[in-house]
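Subject: Structure for you, plus notes

Hi,

Here is the structure I promised to pass on.

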Amino acid sequence: METIHSLAYGFGIFLQPANLFYCLVGTLMGTLVGVLPGLGPGAALSLLLPLIFHAPPVSSMIMLAGICYGAMYGGSTTSILVNIPGEVASVVTCFDGYQMARQGRAGPALGIAAFGSFIAGTIGVIGLMIFAPTLANFALQFGPPEYFSLAVMSLTLVSYISRGSLIKSLIMACLGITLSTVGMDPFTSQARFVFGFPDLLNGLELVFVAMGVFGLGEVLLNLGQSLRQDILAGKVKNLFPTRQDWRDSAKPIARGSLIGFFLGILPGFGTAIPTFIAYALEKRLSQHPERFGTGTIEGVAAPEAANNASSSGTFIPMLSLGIPVNVSSSILLAALVILGLQPGPLLITSRPDVFWGLVASMYVGNAMLLVLNLPLIGLWVQVLRVPYSILCALIVLFCQIGAYSVNNSVGDVLIMNIFGLIGFAMKRYEFEGGTLILALVLGPMLENSLRRSLLLSEGSPLIFFSRPLSAVFLLIALISLLSPLFTGGRLGKQAREATEE
Amino acid sequence: MSDLKSGLFLFGLSLFVLWESLRLGVGTLREPGTGFISLCTGAIMALLTLALAYQGWRKRGLRKAPPPRPALLAMAVLITYSLVLGLLGFFIATFLLVGIFFRLGGVKRPWWALIAMSLVVTSLAYYLFGVLLRVYLPRGFLGI
């Protein structure tokens, strides 16, 4: 009953015209960036983050959530029409989505992606509404040792599930934590790693690092390469799936939603791995597994439902514990801090307007995405026709203006451009940007809780093992680090190999 | 080969982090100092980067990626842009940046068309952000 009352309060906030407008702008902008090849929710949030500096906190979070699921949906559109996934979570959609499009069934593929995403998104929001306050209440028992161990567990799980080398991912985690120490020490106010640059005194702001690594890094990598853009000729029609399509897709959507939601809550799984698992499960359960990969609608419905539900799932640890589990939630968490909100278990009770307003916006935002995007498919196809050679210059321009407009500082532009170079080098040498960003966001919490724990225990590291929850978190971290030695493989690596096949 | 190079480069970086942490003051376990956490991450990073370099050394000669010429040029352009933005002002610096990126991106048009395209894009951006959204864009010596 209390939940319904709170939800009604959330709708009261969300239905204010300004918030509806911000939600609309977020879903549209998110879809627009998500449609661009190679740019997913992480890049969309990074590129559009400067927009929030001009809006109140509730509206900003509503807009950012809209960008997040809008970009997810936009990525699916490119997967189906061009066979270029907007981001990793849409890779699986290419398998059957593009084949359906080649057979002249682009309409139903896009339609089921939209409806599947809408249904899964709604299921995810219901889960968020139920689980987040419960988890937040539970997390009130956490002290500094639990937070330290939770941060360590999140980072090791993200590295374990990363799609590349475990060593490289762990190196990025260490580098991210080190970068998070740039600026003033919160305990002693001593400057660290500043080297006389006043712009660094307040620390490295995530907005510039993320824009550089994900926005500019991507452009620099693709520069001079002609991205294949074989857009299918002809008009996309019959967006509404047939009764048979619905019959085939209903169960995959339900299963995909549950898999996506529960895996999305766990650190590291993010939105990509659930899509692979949902697809593999449908193939295993199907009476015609041989049809998968040739244009079957279940192959589109299940991963699309999984990626949208997991997108809602990632909000749970972010809003209730203040722990991000993937790039998008790292950026959203950083946005909370920028907006002057204190992430953690008290957020839901201290700022119910933000939490419940956000939940209400996600119900309507998913519907908005459906209503807006089906008629706008033609527009997104036109966007896809803009040559990449022109798009890359526009992305660079947008990054420069975005970085400058945050503080009206040329120094910020320089920092972002330097991180663009770092992002390019990371991509070229196959280091994952996601772990770096996550560590950068988790770094201050990790350092504070480590130092507080050691002060509490008068220098005894045993405090992390003597408290049961903290010991469990560290045990999980240890298992995830050691298990590749015994099992010979990791989930993320297997997912990458499946993609390459 | 790339793992060897990147491993050694990052090993050097981790040594620098260690040195800087020691300079900042590590403190004790009872009272951790300013450089405590970076000393821990620097030490772990040093071990991991050595392991990466060793892996790379074992796999050396397997493949060699071509040098990323357009990307290197683009990086130089971006850094130069950051340094001259305040001096030249938004309009001139951005006009040059967009034009160069059109060329680097592979737009196959004559030079006058590139200039025209860059002029249109920069003017639109200036109008949208500088005039409509009232972002205070750097003015430079010409005042635009």
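**Helix 5 of chain A**

Helix 5 of chain A is largely enclosed by the rest of the structure, because eleven of its twelve residues are buried (buried means 20 or more other C-beta atoms within 10 Å of the residue's own, exposed 12 or fewer, and partly exposed in between, with C-beta atoms placed from the backbone). The buried ones are A:V91, A:V92, A:T93, A:C94, A:F95, A:D96, A:G97, A:Y98, A:Q99, A:M100 and A:A101. This helix covers residues 91-102 and reaches 17 Å from its first C-alpha to its last, close to the 16 Å expected at 1.5 Å a residue (the expected span is 1.5 Å times one less than the number of residues). After helix 5 of chain A comes A:G104, with a positive phi near 85 degrees.

Before going on, some housekeeping. This is a predicted model, so local features need pLDDT of at least 70 and side-chain atom pairs count only at pLDDT 80 or more, while totals for chains, interfaces and linings use all residues. Residues are numbered from 1 along each chain as its sequence is written, and chains are lettered from A and ligands numbered from 1 in the order in which they are written. Helices are DSSP runs (H or I, at least four residues), numbered from the N terminus.

**Helix 14 of chain A**

Helix 14 of chain A (residues 327-338) is mostly covered too, with ten of its twelve residues buried. Those buried residues pack against helix 3 (41-48), helix 4 (57-82), helix 9 (206-222), helix 13 (315-320) and helix 19 (433-456) of chain A. A:G340 follows helix 14 of chain A, and its phi is positive, near 85 degrees.

**Helix 9 against helix 18, chain A**

The axes of helix 9 and helix 18 (residues 410-428) of chain A come within 6 Å and cross at roughly 55 degrees (axes are lines fitted to C-alpha atoms, for helices over the stretch in contact, and angles run from 0 to 180 degrees between N-to-C directions). That makes helix 9 of chain A oblique to helix 18 of chain A (under 35 degrees is roughly parallel, over 145 roughly antiparallel, 65 to 115 roughly perpendicular, and the rest oblique). The residues of this contact divide into 15 nonpolar, five polar and three charged (Ala, Val, Leu, Ile, Met, Phe, Trp, Tyr, Cys and Pro are nonpolar, Asp, Glu, Lys and Arg charged, and the others, Gly among them, polar).

**Where the chains meet**

Some 48 residues of chain B are in contact with 45 residues of chain A (contact means C-beta atoms, placed from the backbone, within 7 Å). On the chain B side, helix 2 of chain B gives the largest share, eleven residues. By class, that side has 32 nonpolar, 13 polar and three charged residues.

Helix 17 (residues 388-407) of chain A and helix 4 of chain B pack with their axes 8 Å apart, at an angle of about 150 degrees. The two are therefore roughly antiparallel to each other. By class, their contact has ten nonpolar, three polar and no charged residues.

**A last spot in chain B**

B:G143 sits in the segment after helix 5 of chain B. B:G143 is exposed, with 7 other C-beta atoms within 10 Å.

Cheers

Definitions and conventions. Contact = placed C-beta atoms within 7 Å.
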